[in-house]
Amino acid sequence: IGGGPRPAAAGGASWVAECLHGGRDRGGRRRRRPAPGPLVGAPLGSGLAITGRLIVGTVADRRAASPDVVLRWVATMLAVGALALVCFGLRTPAAHWLALTPAFGAGWAWSGAFNLAVVRARTRSPGRATGVSQTGIYVDTTAGPLVLGPLSEHVGYGPTWAVAAAMALVGAWAWPWFGWVRAGVLRRLTG
């Protein structure tokens, strides 16, 4: 699947965990400026992700976008999300608020566009097709915290955000280049 879901899952969990520290460092000492509160940021981010999915779906429907075009949009959304992950790595309240919109609105909303591309590629068996693609997504979202969590414990949040951003960029680069929809990989997997 290209590494896209892994940084998204681990990144979202890390963002919330960091916000829950309430502006305290690892030693429990209060920082000068507290991190953005999860009671505001998390619901706002969730709304942005839903809005991002609705916008991409509406535009795709109005333009009758092909699966290849939608996959290019997915790649763009992942790349925008990767930039937001870099901002999260700066670990300042201003960077968190600046990154909130692109992280959730694009970086966490790409999966809806991905499902749309899969369904448009396999109109005769959309359930089977999304079952195959969702398996990969959920393997990645399970592995993300298992990989990035220990990394964060050992090197801190900043480098972990950088690794997550790099993984998202690999995913953004991989989807358009592999052309798996045209190559028929999904057709072979779903019969």
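This is a predicted model: local features need pLDDT of at least 70, side-chain atom pairs count only at pLDDT 80 or more; totals for chains, interfaces and linings use all residues.
**Exercise 1.** Identify the residue with which Asp61 forms a salt bridge, and state which parts of the chain the pair ties together.

*Solution.* Step one: a search of the whole structure finds 1 salt bridge. Step two: the partner of Asp61 is Arg120, and their closest N and O atoms are 2.6 Å apart. Step three: Asp61 belongs to helix α2 and Arg120 to helix α5 (residues 110-121), so the pair ties together parts 59 residues apart in sequence. Arg120 has a relative accessible area of 23% and is therefore partly exposed.

**Exercise 2.** Classify the aromatic pair formed by Phe88 and Trp161.

*Solution.* A pair of aromatic rings is described by the distance of the centres and the angle of the planes. The search of the whole structure finds 3 aromatic pairs. For Phe88 and Trp161, the centre-to-centre distance is 4.9 Å and the angle between the planes is 50 degrees. Planes under 30 degrees apart count as stacked, over 60 as edge-to-face and the rest as tilted; the pair of Phe88 and Trp161 is tilted. Phe88 lies in helix α3 (residues 67-89) and Trp161 in helix α7 (residues 157-178), 73 residues apart. Both Phe88 and Trp161 are buried.

**Exercise 3.** Classify the aromatic pair formed by Trp110 and Phe114.

*Solution.* The ring centres of Trp110 and Phe114 are 6.1 Å apart, with 65 degrees between the planes, and the pair is edge-to-face. Trp110 and Phe114 both lie in helix α5, 4 residues apart, about one turn of the helix. Both Trp110 and Phe114 are buried.

Methods
Residues are numbered from 1 along each chain as its sequence is written. Side-chain values use heavy atoms; hydrogens and water are left out. A salt bridge is a side-chain nitrogen of Lys or Arg within 4 Å of a carboxyl oxygen of Asp or Glu. Helices (H or I, at least four residues) and strands (E, at least two) are DSSP runs, numbered from the N terminus. Buried means under 20% relative accessible area, exposed over 50%, partly exposed in between (1.4 Å probe, protein chains only). Rings of Phe, Tyr and Trp (its six-membered ring) pair if their centres lie within 6.5 Å; planes under 30 degrees apart count as stacked, over 60 as edge-to-face and the rest as tilted.
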